[in-house]
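Here is a briefing on one predicted protein chain. Sequence and model come first, then the notes by topic.

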Amino acid sequence: MSTPEREARLVFGEDAERYDRARPAYPDELVDTLVGWAGAGARVVDVGCGTGKATCLLAARGMVGVGVEPHPAMAEIARANLAPWPAWRVDDAMFETWQPGPGDTPADLVTSGQAWHWLDPDVRLHRAHAALRPGGWLALFWNTPDTSDDSALRHAIDAVYARLQPGQNVLPSCGGLPTPDQDHTPAGLDFGPPVRRHVHWSQAYTTAEWIDLLQTHSNHRLMTPEVRDQVLAEVAEVIDAHGGVYEARYDTVLWGAERRRG
């Protein structure tokens with residue numbers, strides 16, 4: 001069971017330092033695609049920037065802009081991580097009500113990593129459209145589990161969840177990749193045809209690192225403490241029994257659409 005009084009979109013900020021430490025970044029191929037769409041010097045609005053995992057990758061490629069993050073603790077870490085790039089700032093705000101500062105818009109690129117599914121579906125595309133210049137891109141991406149993993153360790157971990165938390169999404173993710181607005185946009189928003197791309201990659205985690213990562217995901221944070229502690233303990237035992245390293249396979253999914261030129 002979960003605790004419904006906690007807003008799922010904000011639980012990540014309850015332990016922002018763990019989130020920053022444990023969450024993976026994004027593959028170079030994804031960033032290469034964004035640079036190809038918007039240019040290395042693009043002006044960006046990064047929606048739900050968290051601790052700056054994607055924002056810093058864009059800044060390192062010469063992009064400039066603003067991160068928009070609703071949780072103050074996450075925003076504060078993002079500011080620290082972006083300190084090497086003073087052209088960037090981070091606003092504490094929900095994107096649905098965020099007010100751009102001078103020069104923030106029109107943007108060349110609006111991005112959202114791991115966050116778009118938390119936003120109000122009646123508002124988010126309209127807000128992104130308004131923030132973009134004609135010819136600018138909306139780019140939404142998620143690190144999702146690559147379900148092709150058929151290893152003995154994967155099956156052993158699955159068995160822990162099947163017994164302790166039936167029906168729970170086992171792998172840390174956003175709960176299944178949403179199809180942003182079913183690949184269409186509301187009337188009056190002149191986005192071009194959507195583009196989908198996938199990048200497959202992997203990252204090795206020690207037992208401690210994987211347990212750390214699990215505790216940054218909402219599907220685990222919203223478990224009752226008793227269930228979560230038991231799940232984490234048994235998953236740790238399973239990984240230790242299989243050599244103490246888990247090779248997590250990721251499928252980074254990118255959805256992009258260009259605002260049509262006039």
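Buried means under 20% relative accessible area, exposed means over 50%, and partly exposed lies in between, with a 1.4 Å probe and protein chains only. By that cut-off, 6 of the 8 residues of helix α3 (residues 53-60) are buried, so α3 is largely enclosed by the rest of the structure. The model is predicted: local features need pLDDT of at least 70, side-chain atom pairs count only at pLDDT 80 or more, and totals for chains, interfaces and linings use all residues. Residues are numbered from 1 along each chain as its sequence is written, and side-chain values use heavy atoms, with hydrogens and water left out.

**Overall**
- The chain has 9 helices and 7 strands. Helices (H or I, at least four residues) and strands (E, at least two) are DSSP runs, numbered from the N terminus.
- Of the 262 residues of the chain, 53% count as buried.
- Contact means heavy atoms within 4.5 Å. Among contacts with a separation of 6 or more, 80% come from residues 24 or more positions apart.

**Helix α3**
- The buried residues in α3 are Lys53, Ala54, Thr55, Cys56, Leu58 and Ala59.
- They pack against helices α1 (16-22), α2 (28-38) and α4 (72-81), and against strands β1 (43-47), β4 (107-113) and β5 (132-145).
- Gly62 follows α3 and has a positive phi, near 95 degrees.

**Helix α9**
- Helix α9 (residues 225-241) has 17 residues. From first C-alpha to last, α9 reaches 24 Å, close to the 24 Å expected at 1.5 Å a residue. The expected span is 1.5 Å times one less than the number of residues.
- Arg228, Val231, Leu232, Glu234, Val235, Ala236, Val238 and Ile239 are buried in α9.
- The cover over these buried residues includes α6 (152-164), α7 (207-214), α8 (218-221) and β7 (245-258).
- Just after α9, Gly243 takes a positive phi of about 105 degrees.

**Packing of α7 on α9**
- Two packed helices are described by the angle between their axes and the distance between the axes.
- The axes of α7 and α9 come within 9 Å and cross at roughly 150 degrees. This makes α7 roughly antiparallel to α9. Angles under 35 degrees count as roughly parallel, over 145 as roughly antiparallel, 65 to 115 as roughly perpendicular and the rest as oblique.
- Axes are lines fitted to C-alpha atoms, for helices over the stretch in contact, with angles from 0 to 180 degrees between N-to-C directions.
- On the α7 side, Thr207, Trp210, Ile211 and Leu214 meet Leu232, Val235, Ala236, Ile239 and Asp240 of α9.
- By class, this contact has 7 nonpolar, 1 polar and 1 charged residues. Ala, Val, Leu, Ile, Met, Phe, Trp, Tyr, Cys and Pro count as nonpolar, Asp, Glu, Lys and Arg as charged, and the others, Gly among them, as polar.

**Arg228**
- Arg228 sits in helix α9. At 18% relative accessibility, Arg228 counts as buried.
- Residues up to four places away in sequence aside, Arg228 touches His220, Arg221 and Met223.
- Arg228 and Leu164 are 64 residues apart along the chain, and their C-alpha atoms are separated by 9.3 Å.

**His200**
- His200 lies in strand β6 (residues 195-206). At 54% relative accessibility, His200 counts as exposed.
- Leaving aside neighbours within four places in sequence, His200 contacts Asp146, Tyr250 and Asp251.
- The C-alpha atoms of His200 and Thr252 are separated by 6.3 Å, with the two residues 52 apart along the chain.
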